[in-house]
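Here's a quick walk through one model, taken a piece at a time. Have the structure open while you read.

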Amino acid sequence: MTTEAMDPAPERLRRWRLVLGGDTADGTGCALGGRDAAMDGALAALYGKGDRKGQQSGRDRSAGLGASAPSVARWLGDIRTYFPSSVVQVMQRDAIDRLGLATLLLEPEMLEAVEADVHLVGTLLSLNKAMPETTKETARAVVRKVVEDLEKRLATRTRATLTGALDRSARISRPRHHDIDWNRTIAANLKHYLPEYRTIVPERLIGYGRASQSVKKEVILCIDQSGSMAASVVYASVFGAVLASMRSINTRLVVFDTAVVDLTDQLDDPVDVLFGTQLGGGTDINRALAYCQSQITRPAETVVVLISDLYEGGIRNEMLKRVAAMKASGVQFVTLLALSDEGAPAYDREHAAALAALGAPAFACTPDLFPEVMAAAIEKRPIPIPDTA
């Protein structure tokens, strides 16, 4: 048996060679060929050194992808060949950030070559105003694909969770026979069990109200559209469309930077909502909350969801007073520092602490947790704040 067969060292060296990029100082002494060499070339174009002439330090890094659309298109094809979709999305994101390739996304041919995801949608939305007419239809098709995929993943569970919450919030104590919630009625009357008759004598009936006909909840999604909130804007627009499709919830969607725009009339198509946003710019949370406050007619039946990193450019004390006033009137107020899968966001900790002191804790929320957060707000029970918040 050969030493190579007994020892996994060659495979480890191969992997280290792919990670380290092949500098003479990488220490592996490993040469790559075939598919490995092609993968290494795709990685080096983005993360490796380009022309090393004149470089004085191993820390100097420049990419070798170039700025021409044909070379980028070939590279996009290569990475989709050699890497799984999740890795492709990360590499595309890095290429946009590291190499300034955002402007190339204004070309229809380039858009057709990329792997569409939430982050790409955010980039396209930030380029919306600079996008030529020849590219806009392709961009809308890319955005629509991502939105439809998100709706398929999120809509069913969201509707089911919130329908249950609406039913529970509509429970009445003197229900008609066909409206009795027998499971909860039995649970509430177990202490009245008569063993000699092997039955329960219910002293209190619990029933469902007719949520779809008579119980209306008001939900206002107030979304910060500053550049750092791109992924949150995408997810919030999708959830807004799902909520708007439920007859028992009146949904309003408001986006803001230093101005406030009400996009409620576009909620039947989240793609229209997204192209109605203007990512980037400043932030005036106080002005946005003032508008939302003016739209509240039934405080006790209203949930306001502020989605923002809380970097306030407006009047801080007025913002906090508005939150306190809404809560005092009976509004359920929820602050999400982010609505995305991106992990812990950057946010204004002083403002977050001030909101927590008002009984409105701010936390980051994943799309999977959002239905549970909304259900808790509708039922007026404690919000399920994740441990990592």
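## A helix across the sheet

Helix 13 lies across strand 3 (217-224), strand 4 (249-256), strand 5, strand 6 and strand 7, and runs at about 155° to strand 4. Helices (H or I, at least four residues) and strands (E, at least two) are DSSP runs, numbered from the N terminus. Angles run from 0 to 180 degrees between N-to-C directions, with axes as lines fitted to C-alpha atoms, for helices over the stretch in contact; contact means heavy atoms within 4.5 Å.

Before going on: this is a predicted model, where local features need pLDDT of at least 70 and side-chain atom pairs count only at pLDDT 80 or more, while totals for chains, interfaces and linings use all residues. Residues are numbered from 1 along each chain as its sequence is written, and side-chain values use heavy atoms, leaving out hydrogens and water.

The open sheet has six strands in the order 5-4-3-6-7-8, with mixed pairing (two strands pair if DSSP finds at least two bridges between them). Strand 5 (260-262) and strand 8 (362-365) sit at the edges with a single partner strand each, so one side of each has no neighbour in the sheet. On average, neighbouring strands are turned by 25° against each other, direction ignored.

Strands 6 and 7 run parallel and are joined by five bridges. Val304 stands opposite Phe333 in strand 7.

## Helix 14, inside and out

Helix 14 (residues 316-328) has 13 residues, which at 1.5 Å a residue should span 18 Å; its end C-alpha atoms are 19 Å apart, which agrees. The expected span is 1.5 Å times one less than the number of residues.

Which residues of helix 14 are buried? They include Met319, Leu320, Val323 and Met326, where buried means under 20% relative accessible area and exposed over 50% (1.4 Å probe, protein chains only). These four cover an arc of only 125° around the axis, which puts them on the same side of helix 14; the arc is that of the directions from the helix axis to the C-beta atoms. Their cover includes helix 13 (285-294), strand 6 (302-307), strand 7 (332-339) and helix 15 (349-357).

Turned away from that buried side, the other face carries exposed Asn317, Lys321 and Ala328. Just after helix 14, Gly330 has a positive phi of about 110°.

## One aromatic pair

Searching the whole structure turns up one aromatic pair. The ring centres of Phe239 and Phe370 are 4.5 Å apart and their planes are at 40°, so the pair is tilted. Rings of Phe, Tyr and Trp (its six-membered ring) pair if their centres lie within 6.5 Å; planes under 30 degrees apart count as stacked, over 60 as edge-to-face and the rest as tilted.

Phe239 in helix 11 (residues 230-244) and Phe370 in helix 16 (residues 370-379) are 131 residues apart, so the pair links distant parts of the chain. Phe239 and Phe370 are both buried.
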